[in-house]
Amino acid sequence: DVVNCSSSTNAFGISLGGAVCYYMQHHRPDIIQRAILVSPAILCCVDKDLVNGIRDGTSNFCCLKSRQDAKLLMRDLSTGRDDDTRKKKDPVPKFFLETVYREARKKSPEGHFRELLLHLLEPTDAPYAAAKDVDTESHRLVIWPEKDRIINYEEGKQFFEVSSSDNKDEGLVSK
């Protein structure tokens with residue numbers, strides 16, 4: 001409403017932005033006609049080990065408490081920290097990692113990211129926390145890399161109720 005979108009708006013979102021697009025399309029179908037979601041961070045699709053690690057404090061890389069956290073976050077956002085197939089272990093240059101780390105430290109109070117993540121992981125009845133797609137009639141394309149280490153591909157297929165026979169291309173889920 002604040003942006004004054006027309007009634008024929010299309011939306012695009014990656015990761016948490018994908019979850020926001022999913023949520024907005026559900027709540028405002030009169031405005032968001034179609035959506036493209038790339039690895040949407042819908043709660044039930046987030047890797048369970050990652051969620052448990054965030055809750056118990058063993059996975060701090062999303063909280064950017066250290067330079068190592070920034071490095072692991074960038075690895076996981078690309079092909080995963082354990083991917084031995086790429087030439088360089090780190091997908092982004094050190095100066096970029098340093099910038100991400102410093103900006104996070106400068107702009108956010110201590111513990112901000114962790115508290116934010118813990119809040120997002122709290123049980124709720126919001127559509128982004130549902131166990132199954134709450135809006136099966138919406139027009140959307142969901143793109144999900146199979147090797148995504150943060151948002152689980154198999155969980156995504158279950159969430160959007162897509163069978164292997166529906167998948168024409170591996171890593172692509174569409175509705």
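The model is predicted, so local features need pLDDT of at least 70 and side-chain atom pairs count only at pLDDT 80 or more, while totals for chains, interfaces and linings use all residues. Residues are numbered from 1 along each chain as its sequence is written, and side-chain values use heavy atoms, with hydrogens and water left out.

The protein has six helices and four strands, in the order β-α-β-α-α-α-α-β-α-β from the N terminus. Helices (H or I, at least four residues) and strands (E, at least two) are DSSP runs, numbered from the N terminus. Of the contacts between residues at least 6 apart in sequence, 66% join residues at least 24 apart; a contact means heavy atoms within 4.5 Å.

Of the 175 residues, 38% are buried. Buried means under 20% relative accessible area, exposed over 50%, and partly exposed in between (1.4 Å probe, protein chains only). Cysteine 21 is buried at 10%, and Cysteine 45 is buried at 0%. The count of disulfides is zero, a disulfide being a pair of cysteine sulfur atoms within 2.5 Å.

Phenylalanine 12 lies in strand E1 (residues 9-14) and is exposed, with a relative accessible area of 52%. Phe12, Ile14, Ile36 and Ile143 make a nonpolar surface patch of about 350 Å².

Methods: Patches are made of residues with over 30% relative accessible area and no salt bridge: like charges are joined within 9 Å, nonpolar side chains (Val, Leu, Ile, Met, Phe, Trp, Tyr) within 5 Å. Accessible areas come from the Shrake-Rupley method with a 1.4 Å probe; for residues, only the protein chains shown count as cover. A salt bridge is a side-chain nitrogen of Lys or Arg within 4 Å of a carboxyl oxygen of Asp or Glu.
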